[in-house]
Amino acid sequence: MRTRCLLMSGERIRSGHQRRVLNWLMDGGGTVSEIAESLQLRMPHASLALRQLRERQEVSREEQGSIRGAIHRLNEAGRSRLAADAVARVRALVSEIPAHAEAVVLGQDGPHLLLGYVKSPRSQLLSLPNQGISNEKQTPSTSNGRKGGRWAVQRGEHIRWYTLSELELTDAPAPQNLRGTLGEWTEEIDRIGIVHATLLDSSREWSLSPGTWYNETESPPPLPNILVQGEYMLGTATGTGISLSPQLGIHAHLTLPVNRVMALNALRKNAFVFEERPQQRTKRSLPYEALRPWLRTRHPRLSEEKLLQKYEEIRDGLFTSEGGALPIALQRQLLADFGVVDWKNEDAITTINLSGVSNAGALALFEWFFLNTTTECAVEWPYSLEENHRMLERILSSDRCRILITSQGDYVPLASATSVLQTQKTLMKAVIALGRDKKIPITLLQSSPGPSQQNSHREVPRSAVELNEAWDSNTGLKREQFTGTETDTVEQKAMWYALSNYPKGDENWANLNDSTHPLAAWIATPNEHRTSRWIRLRTILPQGWADLLPIELCETATLISAMPKGSEQWSKEALEKTRQRFTKNVESILKYEYFFRDDVLGPWMATAVLLSSGQLPEEFHPLLGQACSLWVDAPRQPERVLESLFPLGVPLLDHVEECLIKCKAAAKVHPKDSVLYLWGSLLENMESNEPISPEFLRQIMSKLPSAWWRAWAGDWLQIQLSSTSGRRWLAQMPFPWPALLTRPAGERGGMPAWPIPYPSGRVGLDDVLHILLVEENVGKPALLDVYDMLATYERKEPVHYGRTHPLVGWLARSVESWPHMGLEVLGQGNPEIGALLYARSFASKLE
């Protein structure tokens, strides 16, 4: 209530000291001594003002440490009092608004200004005139105060707008497309915005007094030298188009990776660059002379003579065959501090990639740089600020550093910085801080090394799978693994620029090139932007490139649209994610039902729906028939779909009978080696109880999941063992026969749409004697384990040590006789055998 009363009454702050202190605290906290020094107040006056403000509960003091060193901060009550003071000034100074006026001076306290705008400012960088305009009616072309002036910058991002009638808070006016047009001036002025600003040049006061109306000048003076006398353009003042080229010694603390890359690229021309980027080649190049300061740091007590001797030993070991191999311990130290490196003469190096370099290694490289080069540098520092404060100050104070970019932790002030660039939570946006109350918004220059600066090659990846297989986070791209060829030199350059930036990407370059080089632009797109670019490029990208889409970040519609252009594994994962979403929110299926009408995407949508069939409520059952009709024409993931529709060991459910009829009919016209055809043929044999030929059985066991036929594994094994061709085939097939033959009796099994329980006592030793006649091959060990576990059981001999799993012999024994089998059995030998051992042991302990 007090805040509202203050605003309505518009109480002026009568105490000049209190007003100045509150105003200073708008930009952050400070101690009594800092406030007194900044405002040129005597300490007793500053202390009294702060005590009075604390008593009014408008300033808060941090109660840590000594009272003199305590930090004071402006709180909400203090902000409200400043707002009320501004409202009171508006009430006192704003009565009649001159024609065409944009703003009025409400107050000035040294460099700090209080301004009232009746039109939204063009930007946070304000071009103030040296003269105001009178209350007399006049045309904009005469004395409107638009020539000459001063620069000021808005403090804070937001402007508080008030109605002129009641001075109550309101929204900002609608943005204007054109400024100074007749249409703009004829609009009714009904609100005023309060702007706190600071003069960039505070050496002299602004000549306009409170109550003076003005227009922003169209002929502003030059910006301060510190912002424009640098050789290279960093960006533009946001909203103005004015170029900003700060002097050497910029400290940029940028937390967004894209902003770091843009700032570094803007200032890297003809500079020695230290950067952190994914390694693009098998080895990075580093100057071997950097090993001198590295050795000096590692061995501070050695004399210069002994350090030189060690350095020469390392150099000989790296560059000459006579030097012999370096000691293992030394090799490990070099790898720990520098990674995999191609050591070279420093004359050939203009860029150092700090990726894989330790903090100690980086310090050695900078020592080398200062001792052996004279060029300017642009530095990206990926290490801690606190621990490296001395080196960072040295870099900035060297008069050779264009920009030092840090990102770790919170911003830490560096005394040698000429200006500070701090990040905003927006791509391409930052602020240049020239002091606590002078922060100029900047839009970073959209420049990055073009394809002409990259090596290009004929070899290119054929698919996303090939690209990902050739990428290694430690060594970069292995070009020799690419099997594609690109003969067009322009396309080569585009592709290899994109590949050199993979997987980090370059969104700006991709935006500029997605119409002329769509595949290269797709490769160069950062992960966070892939979904939006996919929507634009999916119809023109070649097959096999959807795998670059991050599945977790994609909407369901994007996943479905990408499935035809992904690899089998990616499409399988995308289908599983879609199934999970459909299962979690079944109503969402209706949102994407339109995909059923798409000839290409319809079968994929149908697959996702059928995979969800077990969790669909009754009202969605009619959709299954529609989905099944589409799916049988192009059956994706037939094993999973058939198991979802007709779960193993479960009697046929009424609502899927229509699907069964469609699947059985379609199976007859599909290729004879397809899963659908073999399943349909086997189901027909089971229903008619007709004998199955050994050849067809081999085809069934080769193509269909073993879980579908292991209920008959005992009989089918004996059939194959009885013939030479069958035994030859068995030798070539590495089936886990012990696990297939020893499922517990009564367990529900069978194949989709044909459930049966597992029988008991399926094979004995006499049934498998012909295992000994099987020739040696990959299938023989599992068969011999079957023979040995049955033989030792029938002869009452100790359990044998298995070939496929150490404990496989226990599968032939009563589970009550088994030793303890914990989770460790899952990691030993064949995983299916290990899983069965653990499952049966665990089940035996249940009541």
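C554 counts as buried because its relative accessibility is 3%; buried means under 20% relative accessible area, exposed over 50%, and partly exposed in between, with a 1.4 Å probe and protein chains only. Before I go on, this is a predicted model, where local features need pLDDT of at least 70, side-chain atom pairs count only at pLDDT 80 or more, and totals for chains, interfaces and linings use all residues. Residues are numbered from 1 along each chain as its sequence is written, and side-chain values use heavy atoms, with hydrogens and water left out.

Back to C554. The residue sits in the loop between α18 (530–537) and α19 (556–562). Helices here are DSSP runs of H or I with at least four residues, strands are runs of E with at least two, and both are numbered from the N terminus. What is C554 in contact with, leaving aside its neighbours within four places in sequence? The partners are T531, L549, L559 and R581, where contact means heavy atoms within 4.5 Å. L264 is 290 residues from C554 along the chain, and their C-alpha atoms are 31 Å apart.

Next, the sheet. It is open and mixed, with 10 strands in the order β12-β11-β22-β21-β20-β13-β19-β18-β14-β17. Two strands pair if DSSP finds at least two bridges between them. The edges are β12 (243–244) and β17 (351–353); each has a single partner strand, so one side of each has no neighbour in the sheet. Further in the order, β11 (residues 235–237) pairs with β22 (residues 438–444) in the antiparallel sense, over three bridges. In that pairing, T236 is opposite T443 of β22.

α13 (residues 389–396) lies across β13 (250–253), β18 (377–381) and β19 (401–406), and runs at about 150° to β19. For that angle, axes are lines fitted to C-alpha atoms, for helices over the stretch in contact, and angles run from 0 to 180 degrees between N-to-C directions.

Last, some backbone points. Y502 and P503 are joined by a cis peptide bond, with omega about 5°. P503 is in the loop between α15 (489–500) and α16 (507–513).

N689 is not a glycine, yet its phi is positive, about 60°. That residue is in the loop between α26 (675–688) and α27 (694–703), and it counts as exposed at 69% relative accessibility.

K796, also a residue other than glycine, has a positive phi near 60°. Its loop runs between α32 (780–794) and α33 (831–844). Is K796 buried or exposed? Exposed, with a relative accessible area of 74%.
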